[in-house]
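Thanks for coming. I will go through one structure, with the sequence and the model on the screen.

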Amino acid sequence: MPASPSTARAINDRLALSLLQQEGPLTAGQLKQLTGLSRPTVADLVERLTAAGLIAVVGEAGEQRRGPNAKVYGIVADRAHLAALDVRTEGVAVTVADLVGRVLAEASVPIDGDTGTGPAVEQAVALVERVVKEAGADRLHTVGIGAPGLIDPASGELRDSGGLPAWHRRLVAALQERLPEARVSVENETNLAALAEQRDGAARDRDTFVLLWLGHGTGAAVVLDGALRRGASGGTGEIGFLPVPGTAALPSATDCAGGFHSLAAAAAVVDLAARYGMSPAGGEGPSAVGVVRAAVDVVEAAVGRVREPSNGVVSASSAGRFLDALADRLAVGIAAVVAILDPGCVVLGGEVGRAGGEELAARAQDRIARMTPLPTEVRSTTLGGGAVLRGALLTARERAQEELFTPRERPLPRV
């Protein structure tokens, strides 16, 4: 059946707005060329979108002809403001952006593990309010949050998970209370990182891939045929609980110690490096931030020594053996993922994945090639730890645009 006039208008409007989002400001003539619509149809949609406050004239384009210059239209970026949060065990980072995703302000704050739930929530909420003010935003339209743990697929809420701070679960409700007009949603941090890698990072050319997160903990995100897979209980990718050889015990329902986490999490990487005579600069520190920084330091140092051998305390051969041992450990988890999903591509993400770069990815791929008949490319992240915040901002922008760019039907007149 042919589309009704109102449906056709909605489709044309969304097409034009999508092009303005992707391409930036365009003239009516450029919209006509890119959409394939007639000149009158483009003129009508430009008038509708301007009247709705979604687009505005942002300049003029000189053309090689007589007459006035063509008007250039762009999305009204300050029509809505968005916030993205990366919630970690050790703190929170916040970014505030406009409707087209341009970052206006950002900041982070560490939250000590000894901080009580109430004070921790207040620190995080206060940070959001401060960054919103610095961005010059009156209010937030949409807030996207990335956090570790399981997201209930039915309620969309962060489930109570052992080992994670209680303030994580309280934060979502607190933000909704303090920002009553905002749409607040939470997603698993690794899932958001995968969306960012697919849109802007190492998996731009892949509809099917797995992101292996290597940071304070371990995680995985699964994208199959372009769709993020969450699982029946929201637990797809909880690879830290994967039973693997080389650990002292098996993981339990409440503790991933003994699983893949014990082989590849930041603390395990630091311990492994010490066996090869490598220690992080300044020590690993007692906090989660310190452990991640220490893991990044030893991996970066090893990669640097392998590429540019020196006569330092740690020899290039020691650094190479450490990277080989780390690749052996990663291959255990990657091989399990490949055997079940056959994704064709695995991206090593997170801070440690970025520190290892192509050097670590190549070593892991070499091992996988010997362990499975399924062709698998192992790549290094291009976004690193910033992928979570980027993914949270992308999802917040898409949700805001979905609502704002969808025309509301006018109510029928009373008779």
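Phe322 has a relative accessibility of 0%, so it counts as buried; buried means under 20% relative accessible area, exposed over 50%, and partly exposed in between, with a 1.4 Å probe and protein chains only. Before going on: this is a predicted model, where local features need pLDDT of at least 70, side-chain atom pairs count only at pLDDT 80 or more, and totals for chains, interfaces and linings use all residues. Residues are numbered from 1 along each chain as its sequence is written, and side-chain values use heavy atoms, with hydrogens and water left out.

Phe322 is one of the residues that touch the most other members in the largest nonpolar core, which has 46 residues. A nonpolar core here is a set of buried Ala, Val, Leu, Ile, Met, Phe, Trp, Tyr and Cys residues joined through side-chain atoms within 4.5 Å. Among the elements that each supply at least two residues of this core are strand 9 (209-214), helix 9 and helix 11 (350-371). Helix 10 gives the most, twelve residues. Helices (H or I, at least four residues) and strands (E, at least two) are DSSP runs, numbered from the N terminus.

Setting aside neighbours within four places in sequence, Leu330 is in contact with Leu214, Phe260, Ala264, Leu348 and Leu360, contact meaning heavy atoms within 4.5 Å. Apart from this core lies another, of 33 residues, including Ala83 and Ile111.

Now the aromatic rings. Rings of Phe, Tyr and Trp (its six-membered ring) pair if their centres lie within 6.5 Å; planes under 30 degrees apart are stacked, over 60 edge-to-face, and the rest tilted. That rule gives one aromatic pair. Tyr276 and Phe322 form it, tilted, at 6.5 Å centre to centre with 50° between the planes. The two residues are 46 apart, with Tyr276 in the loop between helix 8 (266-275) and helix 9 (288-307) and Phe322 in helix 10 (residues 316-341). Is Tyr276 buried or partly exposed? Tyr276 is partly exposed, because its relative accessibility is 26%.

Three strands form an open sheet in the order 1-3-2, with antiparallel pairing; two strands pair if DSSP finds at least two bridges between them. Strand 1 (26-27) and strand 2 (55-61) are at the edges with a single partner strand each, so one side of each has no neighbour in the sheet. Strand 2 pairs with strand 3 (residues 70-75) over six bridges, and Val57 has Tyr73 as its bridge partner in strand 3.
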